[in-house]
Amino acid sequence: MAWKRMLLVGLAVGVIFAAVAEPTQIPKTISSLVEECFHHNSRTLYLVGLEKLAAYESYLALPHPKVIVQSGYSIGTPDESSLIVMYMDCSTLSNLLIQFKAIMRDFTRIVRNGKYIVLVEDAYLSNGNLAVAIELGSAFSTYNVVYWCVTGLHQAEELQYTLFFASSVYFMNGPLTYAPAFEWNRGLLRNATFDIYALAMTSFPYTHFQGKHRPFCGIDVNIFETVMERIGCQLKVRILQPTDSIDNDIAVITRSLHRSKADVMMTRRHVNVGILPVVYIPDITYYCLVAPRTTQIDLTQSLLRPFSGTVWFIVVCTVLISAFDELSKQHTRLGRLAQQLFARQPIASFYRICLAVISFVLIESYLATVTSFFLAYRFVPDAKTLEEFFATGIPIRLPEGMVRFLRNLEPRLKDRIMARGVGASVCSPYSTQCAHLESFAMASYQISENVGIDPVSGRKRSYIVPEMVTRYSYLSYAFARGSPLTDLVAMYLRWMYEAGLMGLFRHQYEQYLQPTVHVHTVVDSSLEFEHLMSLWICVSIGWGVSCGVFVMEMGHGWLQRVLKGRRQVAGNAGKQAWCKVGNKTGPMPGTKSVQ
């Protein structure tokens, strides 16, 4: 024990002598590092706890916008454009932690923040002393501070920092320069291979088992395997089994990442802002309702289903015209009125031809469609919209924790889903008792691969309502607090999108990812108004030609009448002129005057 006392006394004496001979100017290496940080992206300089230093005035003289924070006061929550230079008393571990908690007490959310340069007495960093760097690394990771370093107060010859991973902790040192301590590749270890522990859940097509005896695969697996290959790490995946409580699943993931038991949650999920550092993925994920398909026989409705509402309106109009035609044959007041309306030409020929054509087409189409429905489609049709689904009254399975998902929906839609919600214990997913919410890709895969065919109807027992419930464009990967992997993965993810690798990964699952393009549903094709478009075109051409001929005939008749009228007028004018001449000259010789 005597040698330990001598060592501590010597260390204390060295610190005292260093304090006595403390210089009054900021070391050039620190001022150069500050200038380099402001040359990149720093815009505000925080000076924290430096008021007791002899070089305090030289720090105040730095030509940058400053925020002065005295010892024991909080620095708030600096943003990414901030550079924080702070002095820490590392004489004891308790002093270090008390000072740190006082400075960081306003950090209540996990956000991206600034760069930190910690100044300590030079004696605590000499002779390979790693304790200060490790303790500071653990403290900074708690508040998700990634970009930090520690250096000596007087003789700032090198900077030190630590990289915390779930598998190990790495001590780094180097010259006082901006790179790589404050760049995105801070966590890139060129000459070391280590394990990265990842959490994953079964979520097709991102992380899933393709078959019972096949390896774990998916889009997110491909992404992280590519990133790990580039940074020289081994990916170790721990697969979590989902439960009926979404809140419990999220708690397990969050707890593992907070305690640095894992480095990343590699299955993309919706993570509440401020809980964990995340990297957002610029993709769209659709969510839909998966409903049980009924096997109820539908013979009565099959008589009405062949025609849509528009075509049924045409049928009603045709029946009314036929009724007026029959009424015109009766010797009553209404019959005489109908005769005046329909007995005139060319109206009589027009409506009789139209009635015959329309009646023939509609009767034949109806009989053919009804026959097809009776032979093949004898069951209640699937709901095509959310309105049709809600009209069925089928309950919706809502496990614990779905309230967070429902908050993002349109209020009216959320209320209707909540009104039909039942607990997870009432029924299971893809059952015949209730519907449930699922991502479109996962629902498509499960129905295609795992949902059986009903022997009565010959169809899948579950189906997807074609109208989507919502879509997410802010799913993300979650990382451990203070993990240097966050910016590494973000940068490599950006490069993979730019290089087109993401399109290659998604290509094998395209049929499951685009509901509006690739969804295939069995529907009962009723006769729509648009289906008769060719008939309307032919009839319109016939009507157009008939109207043209009719107009030409009418024009020709009118022109003949006009010319005949002009000739008669000219003839009458000539006769009147001849009579006037005869009255003036008298009768010609050899003629008699006739009164």
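**Entry 1: Tyr 116**

I started with Tyr 116 and listed its contacts, leaving aside neighbours within four places in sequence. Tyr 116 touches Ile 75, Pro 78, Ile 84, Met 86, Met 104 and Phe 107, among others. Its list also includes Phe 140, Val 145, Tyr 147, Trp 148, Cys 149 and Phe 182. I note here that the model is predicted.

**Entry 2: the cores**

I then looked up the nonpolar cores. The largest has 97 residues. I checked which element gives the most to the core: helix H6 does, with 7 residues. Another core lies apart from the largest one and has 23 residues. Leu 386, Met 402, Tyr 463 and Leu 475 are among its members.

**Entry 3: strand E3**

I sorted the residues by face. Ser 82, Ile 84 and Met 86 are on one side. Leu 83, Val 85 and Tyr 87 are on the other. Both faces are covered.

Next I looked up the partners of E3. Strand E1 (residues 44-48) pairs with E3 in the parallel sense, over 5 bridges. In that pair, Leu 45 stands opposite Leu 83. Strand E4 (residues 115-120) also pairs with E3 in the parallel sense, over 5 bridges. Here the bridge partner of Met 86 is Val 118.

**Entry 4: a five-stranded sheet**

I traced an open sheet of 5 strands. What is the order of its strands? I read E11-E8-E12-E20-E13, with mixed pairing. Strand E11 (234-240) and strand E13 (278-280) stand at the edges. Each has a single partner strand, so one side of each is left without a neighbour in the sheet. From one strand to the next, the twist averages 25°.

Strand E8 (residues 195-201) and strand E12 (residues 264-269) run in the parallel sense and pair over 2 bridges. Ala 198 has Val 264 in E12 as its bridge partner.

Which elements does helix H6 touch in the sheet? H6 (residues 219-231) packs on the sheet against E8, E11, E12 and strand E20 (476-479). The direction of H6 makes about 145° with that of E12. Helix H7 (residues 246-258) packs on the sheet too, touching E8, E11, E12 and E20. For H7, the angle with the direction of E12 is also about 145°.

**Entry 5: the largest pocket**

I looked up the largest pocket and noted about 1100 Å³ of space in it. Its lining has 34 residues. Closest to the centre are Pro 242, Ile 246, Arg 269, Leu 437 and Glu 438. Elements giving two or more residues to the lining include H7, E12 and strand E14 (285-292). Helix H12 (402-406), strand E17 (435-439) and helix H14 (440-449) are also on that list. I asked which element gives the largest share of the lining. E17 does, with 4 residues.

**Entry 6: the whole chain**

The protein chain has 595 residues, and 42% are buried. I counted 19 helices and 20 strands. Last, I took the contacts with a separation of 6 or more: residues 24 or more positions apart account for 75% of them.

Note on methods. Residues are numbered from 1 along each chain as its sequence is written. This is a predicted model: local features need pLDDT of at least 70, side-chain atom pairs count only at pLDDT 80 or more; totals for chains, interfaces and linings use all residues. Side-chain values use heavy atoms; hydrogens and water are left out. Two strands pair if DSSP finds at least two bridges between them. Axes are lines fitted to C-alpha atoms, for helices over the stretch in contact, and angles run from 0 to 180 degrees between N-to-C directions. Contact means heavy atoms within 4.5 Å. A nonpolar core is a set of buried Ala, Val, Leu, Ile, Met, Phe, Trp, Tyr and Cys residues joined through side-chain atoms within 4.5 Å. Buried means under 20% relative accessible area, exposed over 50%, partly exposed in between (1.4 Å probe, protein chains only). On a 1 Å grid over the protein atoms alone, a cavity is a set of points where a 1.4 Å probe fits but cannot get out, and a pocket is an open set with protein on both sides within 12 Å along at least five of seven lines; lining residues have an atom within 4 Å of a point. Grid points are joined across faces, edges and corners, and a volume is the space filled by probe spheres set on the points.
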